[in-house]
Amino acid sequence: MRLSALLALASKVTLPPHYRHGMSRPGTMAAKRRNPPGSRRPPVLVEPISDEDWHLFCGDRVEILEGKDAGKQGKVVQVIRERNWVVLEGLNTHHRYIGRTADFRGTMIPSEAPLLHHQVKLVDPVDRKPTEVEWRFTEAGERVRVSTRSGRIIPKPEFPRADGIVPETWIDGPKDTSVEDALERTYVPRLKTLEEEVMEAMGIQETRRHKKVYWY
Amino acid sequence: MAAARFGVLCRRVSAAVKTAGSFLSPQGSAGTGFSLILLPKNIPSVTSLPQCRIIHTTLSRKGLEEFFDDPKNWGEEKVKSGAAWTCQQLRNKSNEDLHKLWYVLLKERNMLLTLEQEAKRQILPMPSPERLEKVIESMDALDKVVQEREDALRLLQTGQEKPRPGAWRKDIFGRIIWHKFKQWAIPWHLNKRYNRKRFFAMPYVDQFDRLRLEKHARIQIRKRNLEKKKAKLLQEKFPHLSEAQKSSLA
């Protein structure tokens with residue numbers, strides 16, 4: 001186990017201190033281009049928001065409060081927690097060229113700029129107006145976002161998974177365990193170690209006596 | 001072919017035993033039996049002579065095929081795979097099931113590592129590398145669950161928190177370290193190698209101990225000052241932070 005733990009530590013990604021997170025994920029070519037090793041930029045101050053207090057998720061309907069597209073409503077497509085950023089679909093865009101070569105100017109595409117969490121507000125589904133949101137507990141004990149103005153619960157939105165799997169249309173492969181088999185409880189707590197239980201099950205009898213060893 | 005190899009081994013073993021017989025020397029006129037003067041250490045142990053049995057230890061006879069994926073998946077760009085086993089799902093399984101699952105996961109991991117290495121060799125992308133991450137995660141979760149069960153049993157039966165015995169001792173550099181005990185065949189007062197290890201520090205080490213303490217203190221103070229500075233910067237930039245903290249504490 002120690003060798004695998006060592007390899008795991010080696011493969012774990014370590015970013016330099018004050019790494020400036022951009023729109024690209026660290027590790028991609030674009031991010032490496034923007035933050036080459038040895039680059040030390042002044043650090044950006046990011047308001048520390050705990051995971052419990054964060055209220056914006058992918059797929060939410062939000063309204064922009066300030067900026068070029070102030071007043072417009074859009075869907076959140078990406079959340080970058082390291083910078084408290086939210087990227088809306090098709091809003092707050094600037095234009096840039098993509099696929100540029102030596103002789104071709106490239107195709108112009110609108111690319112969305114990120115917005116900070118306080119520049120957008122969640123939209124209340126009742127009256128479709130921006131509203132402040134609080135985290136509260138339901139009768140069942142579930143933690144949900146509640147709009148402070150109307151008191152309506154804003155449910156967590158559906159958003160397609162990054163790996164493209166749709167849980168409703170999933171068919172198990174030959175190496176997958178079925179849901180019933182995975183959730184089946186076969187554990188009976190007994191005062192025996194795993195080794196003893198497995199030896200019992202396989203009918204192995206250990207007749208050798210352990211020689212006396214000294215521990216120091 | 002395996003039989004022929006075993007036959008060769010058996011022939012070598014029997015030859016070695018015959019040469020060992022030559023080391024047996026007759027006692028003399030008074031002695032009735034033989035006494036063994038020297039036994040060469042390179043004789044392999046043998047279960048039975050002259051027959052040698054071929055023993056299979058695995059139940060399946062598939063062999064090296066298990067290092068490779070299902071032939072249908074060869075050459076595919078993507079291979080579908082389900083989610084990893086979670087700790088909670090594994091806690092519901094019996095020890096025999098966990099034992100079997102460990103080896104299934106191990107074989108899958110070996111297959112995926114072989115695939116990864118072969119993809120690196122051929123300078124091609126590995127199809128669906130997330131499978132390997134899921135298998136590693138499942139195996140780590142399984143190990144964690146087994147460790148939890150062992151810890152619980154040990155705490156109930158002996159009250160010992162750690163599986164491996166140890167002690168806090170001062171090493172030769174004056175540092176207090178957790179010395180993990182090793183298993184030895186002889187007691188400590190007869191062990192030459194162990195007695196060469198010194199679990200005490202001479203007086204000339206005190207100065208360096210003081211310097212180490214000072215260094216540690218300086219690092220702690222620097223960390224505390226940095227946190228204070230950062231908190232001040234954040235307070236300037238986000239004035240509402242302190243009110244939010246006060247309201248959350250109240």
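**View 1. Strand β12 of chain A pairs with strand β5 of chain B.** In this predicted model, β12 (residues 214–215) of chain A and β5(B) run antiparallel and are joined over two bridges. Strands are DSSP runs of E with at least two residues, while helices are runs of H or I with at least four, all numbered from the N terminus. Two strands count as paired if DSSP finds at least two bridges between them. Look for Trp215(A): the bridge partner in β5(B) is Gln183(B).

Before moving on, here is how to read the views. Residues are numbered from 1 along each chain as its sequence is written, and chains are lettered from A and ligands numbered from 1 in the order in which they are written. Local features need pLDDT of at least 70, side-chain atom pairs count only at pLDDT 80 or more, totals for chains, interfaces and linings use all residues, and side-chain values use heavy atoms, with hydrogens and water left out.

**View 2. Aromatic rings cross between the chains.** Over all chains, the whole structure holds five aromatic pairs, meaning rings of Phe, Tyr and Trp (its six-membered ring) with centres within 6.5 Å. Tyr216(A) and Trp184(B) are stacked, because their ring planes lie at 5°, with the centres 5.6 Å apart; planes under 30 degrees apart count as stacked, over 60 as edge-to-face and the rest as tilted.

**View 3. Chain B meets chain A.** Here 46 residues of chain B are in contact with 31 residues of chain A, contact being heavy atoms within 4.5 Å. There are two salt bridges between the chains, each a side-chain nitrogen of Lys or Arg within 4 Å of a carboxyl oxygen of Asp or Glu. One of them joins Glu108(B) to Lys175(A), whose closest N and O atoms are 3.1 Å apart. Elements giving two or more residues to chain B's side include α4 (130–157) and α6 (206–237). The largest share, nine residues, comes from α3(B).

**View 4. An open sheet sits in chain A.** Three strands form it in the order β9-β10-β11, with antiparallel pairing. The edge strands, β9 (133–137) and β11 (153–154), each pair on one side only. Strand β10 (residues 143–147) pairs with β11(A) over two bridges, and Val146(A) has Ile153(A) as its bridge partner in β11(A).
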